Amino acid sequence: MTDTTRDVRIPLTVLGTGAMGTALVRAWLAAGHPVTVWNRTPARAEALAAQGATVAASAAEAVSASRLVIVCLLDDASVGAALDGAGLAGRDLVNLTTGTPAEGRARAAWATARGARFLDGGIMAVPPMIGDADSGGYVFYSGSPELFEEHRDTLAVPAGTRYVGEDAGFAALHDVALLSAMSGMFAGIVHAFALVAPEDIAPKDFAPLLVSWLGAMTGSAHKAADQIGSGDYGKGVVSNLAMQVAGNATLLRTAEEQGVSPELLTPYTALMERLAEGHGAEDTTGAVELLNLRRSAADRP
């Protein structure tokens, strides 16, 4: 029997009722969990009160109402300010505020010093996906394994859960790594549309081609993982760096011909040129060595 199927669901507190916090609260309320909420601007919690949430007058009061405390605020500084003076001893603190790995680790140490167990989270969803089991949204969690196991079912109510390790910084690291990949993809999509925009090519007709092509290319991540894991960047190469660098000239000339700024491409093409010096037969995956400031390219195997 899980928390989500018991007649009496465990109570929880949510600090922060912005768009994401509100979506989380609504999902837990819909599942029958008693929820206490607090927001710096009380008016933003009024709609949730009408749906059954208890609105606390202060963050400290909200924290005292439940053992399980979910925090979903603007940034790490907001978390510290909201919890300043709150009694955290014996509390299970789950921080779903977007932050960096270093902030997650520091906040874990901060919470532990105050007698709380701690999980950091990275939400891989937008508010409309919360509470929709078919949306594909999920949350990365890292930190106390005991806390995660005890509250796994409750945490899974708004979105799927993926525990990525005891290091409290790993949830944010996974979150930002995926978002960084997404940003690169968005840059490519924008550049592609900019290239065809001056011509008699309907964006709605071009979009399916983009989706199909990019979908086919994402499978290369598995080969990249194999190369990185083995340290052999020449393993299974189909189009080596030397070929790709030569091909990049065409990409840049086309942008010039179409009157499109190449600024979304040139950082990566320049990196490939650097990498190709002495490693032309390898794959682009070797760029992880140049990007990793902890390891010099001279140390490459």
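Analyst: The answers below cover the overall fold, the cavity, a pocket and parts of the surface.

User: What should I know about the model and its numbering?
Analyst: This is a predicted model, in which local features need pLDDT of at least 70, side-chain atom pairs count only at pLDDT 80 or more, and totals for chains, interfaces and linings use all residues. Residues are numbered from 1 along each chain as its sequence is written, and side-chain values use heavy atoms, with hydrogens and water left out.

User: How many helices and strands are in the chain?
Analyst: The chain has 12 helices and 8 strands, taken as DSSP runs (helices H or I, at least four residues; strands E, at least two) numbered from the N terminus. Of its 301 residues, 39% are buried (under 20% relative accessible area with a 1.4 Å probe, protein chains only; exposed is over 50%, partly exposed in between).

User: Which residues line the largest cavity?
Analyst: Asp75, Asp76, Asn95, Thr97, Thr98, Gly99, Thr100, Glu103, Gly104, Arg107 and Asp120 line it. A cavity is a set of points on a 1 Å grid over the protein atoms alone where a 1.4 Å probe fits but cannot get out, whereas a pocket is an open set with protein on both sides within 12 Å along at least five of seven lines; lining residues have an atom within 4 Å of a point.

User: How much space lies in that cavity, and which helix gives the most to its lining?
Analyst: About 50 Å³ lies in the largest cavity, and helix H5 (residues 101-113) gives the most to the lining, with 3 residues. By class, the lining has no nonpolar, 6 polar and 5 charged residues.

User: Turning to pockets, how much space lies in the second largest pocket?
Analyst: The second largest pocket holds about 340 Å³ of space. Its lining has 17 residues, and the closest to the centre are Asn39, Arg40, Leu73, Leu74 and Ser78. Helix H1 (19-30) and helix H4 (76-83) are the elements that give two or more residues to this lining.

User: And the surface: is Met185 buried or partly exposed?
Analyst: Met185 counts as partly exposed because its relative accessibility is 36%. Met185 lies in helix H7 (residues 170-196).

User: What about Ala50: buried or exposed?
Analyst: Ala50, in helix H2 (residues 46-50), counts as exposed because its relative accessibility is 72%. The C-alpha atoms of Ala50 and Ile10 are separated by 20 Å, with the two residues 40 apart along the chain.

Terms used: Points joined across faces, edges and corners; volume = space filled by probe spheres on them. Nonpolar A, V, L, I, M, F, W, Y, C, P; charged D, E, K, R; others polar.
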